[in-house]
Amino acid sequence: MTDELELVNFCCEELEEAVSSDPDASLIEHDSGLILLNLGQREEDGETGVVLATIRFCPFCGTEIQTDEDIEAALGAVEIVE
Ligand SMILES: [Zn+2]
């Protein structure tokens, strides 16, 4: 059986191993299918939030893993703190 839900095509093993659905990981696979870079926690107005950034290129091998269009399309589901 093939899995129809194709979230992320990993370009290399390094990325596959680094990406986790664990919110404490430095590279997070979001529910939307985007890979997000976790920049750590930041406190603002007494509230602590996790700062996430979108990445376009694999940090290990430089392959484009998600385009601007991918990011924009999925971004509605992601809360990004700039
Ligand atoms: Zn890669």
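D45 counts as exposed because it has 5 C-beta neighbours inside 10 Å; a residue is exposed if 12 or fewer other C-beta atoms lie within 10 Å of its own, buried if 20 or more do, and partly exposed in between, with C-beta atoms placed from the backbone. D45 lies in the loop between β3 and β4. The structure is a predicted model, in which local features need pLDDT of at least 70, side-chain atom pairs count only at pLDDT 80 or more, and totals for chains, interfaces and linings use all residues. Residues are numbered from 1 along each chain as its sequence is written.

**Overall architecture**

- The protein contains two helices and four strands; helices (H or I, at least four residues) and strands (E, at least two) are DSSP runs, numbered from the N terminus.
- Along the sequence, these elements follow the pattern α-β-β-β-β-α.
- The protein has 82 residues, of which 9% count as buried.
- Of the contacts between residues at least 6 apart in sequence, 40% join residues at least 24 apart; two residues are in contact if their C-beta atoms, placed from the backbone, lie within 7 Å.

**Confidence of the model**

- The mean pLDDT of the protein is 83, and 82% of its residues reach 70 or more; pLDDT is the predictor's confidence in each residue, from 0 to 100.
- Confidence is highest in helix α1 (residues 13-18), at a mean of 94, and lowest in helix α2 (residues 68-74), at 87.
- Where pLDDT is low, the predicted coordinates should not be read in detail.

**The sheet and its strands**

- The four strands form an open sheet in the order β1-β2-β3-β4, and the pairing is mixed.
- Strands β1 (19-20) and β4 are the edge strands, as each pairs on one side only; two strands pair if DSSP finds at least two bridges between them.
- Strand β2 (residues 27-29) pairs with β3 in the antiparallel sense over three bridges.
- Within this pairing, I28 stands opposite L36 in β3, and the bridge partner of E29 in β3 is I35.
- Five residues lie between the strands in the hairpin of β2 and β3, where G33 takes a positive phi near 100°.
- Strand β3 (residues 35-44) and strand β4 (residues 47-54) also pair in the antiparallel sense, over seven bridges.
- In β4, E47 is the bridge partner of E44, and V50 is the bridge partner of Q41.

**The turn at D45**

- The hairpin of β3 and β4 has two residues between its strands, and D45 is in the turn.
- D45 has a positive phi of about 55° although it is not a glycine.
- Most residues other than glycine have a negative phi.

**Residues in the edge strands**

- V19 is found in strand β1 and is partly exposed because it has 19 other C-beta atoms within 10 Å.
- Not counting residues up to four places away in sequence, V19 touches L27, E29 and I35.
- V19 and L37 are 18 residues apart along the chain, and their C-alpha atoms are separated by 9.3 Å.
- V51 belongs to strand β4 and counts as partly exposed because it has 15 C-beta neighbours inside 10 Å.
- The C-alpha atoms of V51 and L37 are separated by 8.4 Å, while the two residues are 14 residues apart along the chain.

- E64 lies in the loop between β4 and α2.
- E64 is exposed because it has 11 other C-beta atoms within 10 Å.
- Leaving aside neighbours within four places in sequence, E64 is in contact with R56 and F57.
- E64 and C11 are 53 residues apart in sequence, and they lie 8.6 Å apart in space, C-alpha to C-alpha.
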